[in-house]
Amino acid sequence: MSGPRRRRHRLVLVIPYLWTVAAVPAINLVHASPLGVPLLLWWAMAGVLVCTGSIAVVWRIDNARAEAGR
Amino acid sequence: MTVAIGVALFIVAATTGGTTYLARRGRRVTMSEWAVGGRSFGSILLWFLSAGEIYTTFAFLGAAGWAYAYGAPGFYILANAPLGYVLGYWLLPKIWRAGHDHNVMSQADYVRARFGRRWLAGLVALIGVLALIPYIQVQLTGLATILTVMFHGSVGKPVAVLIGAALLLVFTFTAGLRSSAFASMVKDVFVVGVVIAVFATVGTLAGLGGIGGIFRHLAAAHPSYTNLPGMQPDAHYTPWWFCSSILMTNIGYWMWPHSFQANLSASSDRAIRRNAVLQPIYTLSYFFIFVIGFAALLAVPHLTDSNTALVSVIYRYFPQWFVGIAAGTGILVALVPSTVMLLTLGTTVARNIYRPAADLPDRHRLLVGRLTTVVGVAVAAYLTLGSSSTIVSLLLVAYSGIAQIGPGIILSLAWRRTTSYGVAAGSVVGIALVGVPQVSTWWASISSIEVGLFAVAVNTVVLVLVSLCTRAPQEHHIAVGIPRDDLTRPVPATT
């Protein structure tokens, strides 16, 4: 299999940047505090999970590919 | 008060003494042992080692201080480490591999191997050392903050800074990286315990009515804290500032000489990647720290120094023995990561700045490394005495410096055309932009974007242009950063 196709799943790692950086100006326009906690704080904490989740997905695919290639 | 001081002293002495003893038993300290722990750390030890570096004074005191002073702008901190590991998932295995294949022990070693230029390694090392100084200043500010609050006015700032500096040097010299990994484990248990205990009880103890009560009271008293630009709009912590700070700290995240070096001590690139999956979760504990900062704002308002927010609220509402545990933890939190930073500072100067071409005995370089460490702490102590900056601002200054080697290192792992003159020109221009106060003032008058990120952008453009006009390094140098089999060329169909 060629290199670029093997690596395409790595694009998942762009999602955390969209969540924690690009979306912030829009989220900041909303003045809401679900359960008393500011939305921006909810968003930033969810961002931690988005980062971990994205890395986990890529890690699993990388691992599966490494096993298959062996 | 004596109870608190006694408990704090016991925790610090037992942890540092015990871990140093464990680490040194039957081991001779060699240059390689001192610097990268013999390249044999497994992933569990690496996890604690990395946690010790991330959860510094910056997290413990700085984040609480910014929640106290500004509110929402401090939330940017949550993205710092997780996004660092997103970048790291791609970046770190490449660096580890260069280290593994080419006997690279430090960042400057890598630059030298990748470009074949000793002077460029020296330049990158120098930028790293310069940026480490405000980082060590962060730790010293934290130590001094804890000591002054603990001794409640009877110890002035100069004495507190001196004691802090002495503690740093003693702990650093008793052993190297391995002992710091052990101390990091003890420290993490304590810091998590203290933070959760304070988080769970501070609302009730301060009469605010639990955690929900803290948020209710805060929304009533300071409605502007929930959204950017936060409680002090004049400080211009706008959404643009927020995003640009995250990006700047992301580019600088792995550029710290000590982070680079810790990564080299991993046992495999698999360990690094697995670590990248688990590590970000730890960041969620910032929520506890923010809540403690908010509680402090309601319970002990009008502090002259927001760095003291967390310690002050504990001092005011908790029993003596607990104040002692918290103070001891705070001291460990500052000591443990500083050790790693100071060791890196020492090895970097000893190997890459001090007569790098000369064939000197190992003991000679070890001595130079130790002397440099003393000088580094002295300079940081001097700067701490004259500064009233918040811990978070100090770290942003450090990041705006270290991020300037980011374009060079990152492109050297991805773009074959990157040249030594390109990296040198880009990083020098970047450092000049963040270092000249007039530039920062001018930039702040036209945009709230972090000046460090603006400098990184200019740095990258200069790097690319100069690289295109100068000759690329030789093939075997390029292969250090971009190994042959790593090229994404299609494999020929016929074999």
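Hi everyone, let's start with one residue: B:Asp101 has a relative accessibility of 44%, so B:Asp101 counts as partly exposed, since that class runs between 20% and 50%. Please keep in mind that what we are looking at is a predicted model.

Who is the partner of B:Asp101? B:Asp101 forms a salt bridge with B:Arg97, and their closest N and O atoms are 3.6 Å apart. Both residues sit in helix 5 of chain B, which covers residues 77-102. They are 4 residues apart, which is about one turn of the helix. B:Arg97 is partly exposed too, at 28% relative accessible area. If you are new to this, here is the background: side chains of opposite charge can pair when their charged atoms come close.

How many salt bridges does the structure hold over all chains? There are 4. Let me show you another one in chain B, between B:Asp109 and B:Arg351, where N and O are 2.8 Å apart. This pair links distant parts of the chain. B:Asp109 belongs to helix 6, residues 107-115, while B:Arg351 belongs to helix 16, residues 320-353, and the two are 242 residues apart. Is B:Asp109 buried or exposed? With a relative accessible area of 12%, B:Asp109 is under the 20% cut-off, so we call this residue buried. B:Arg351, at 26%, is partly exposed.

Now over to chain A. Here A:Arg10 and A:Asp62 meet through their side chains in a salt bridge, 3.1 Å from N to O. Why does this pair tie together parts that are 52 residues apart in sequence? Because A:Arg10 lies in the loop between helix 1 and helix 2 of chain A, whereas A:Asp62 lies in helix 4. A:Arg10 and A:Asp62 are both buried.

Let's step back and look at chain A as a whole. A compact globule of 70 residues would have a radius of gyration near 11 Å, but for chain A the value is 17 Å. Buried residues account for 37% of the 70 residues. Take the contacts in chain A between residues at least 6 apart in sequence: 66% of them join residues at least 24 apart.

Last topic: where chain A meets chain B. The contact involves 32 residues from chain A and 36 residues from chain B. About 3200 Å² is buried between the two chains, and carbon and sulfur atoms give 75% of that area. Which residues of chain A lose the most area to chain B? They are A:Tyr17, A:Ile55 and A:Trp59, together 20% of what that side buries.

What about charges and polar groups across this interface? The rule finds 0 salt bridges between chain A and chain B, while 7 residue pairs are in polar contact. On the chain A side, the elements giving two or more residues are helix 1 (3-7), helix 2 (15-22), helix 3 (24-28) and helix 4 (39-69). Helix 4 gives the most, with 14 residues. By type, the residues on this side divide into 21 nonpolar, 8 polar and 3 charged.

Note on methods. Residues numbered from 1 in each chain as written. Chains lettered and ligands numbered in written order. Predicted model: local features only at pLDDT ≥ 70, side-chain atom pairs only at ≥ 80, totals over all residues. Heavy atoms only, no water. Contact = heavy atoms within 4.5 Å. Buried area = accessible area lost by both parts, 1.4 Å probe. Polar contact = N/O pair within 3.5 Å; in protein donor to acceptor, adjacent residues only side chain to side chain. Nonpolar A, V, L, I, M, F, W, Y, C, P; charged D, E, K, R; others polar. Rg over C-alpha atoms; globule rule 2.2 N^0.38 Å. Buried < 20%, exposed > 50% of the residue type's maximum accessible area, 1.4 Å probe, protein only.
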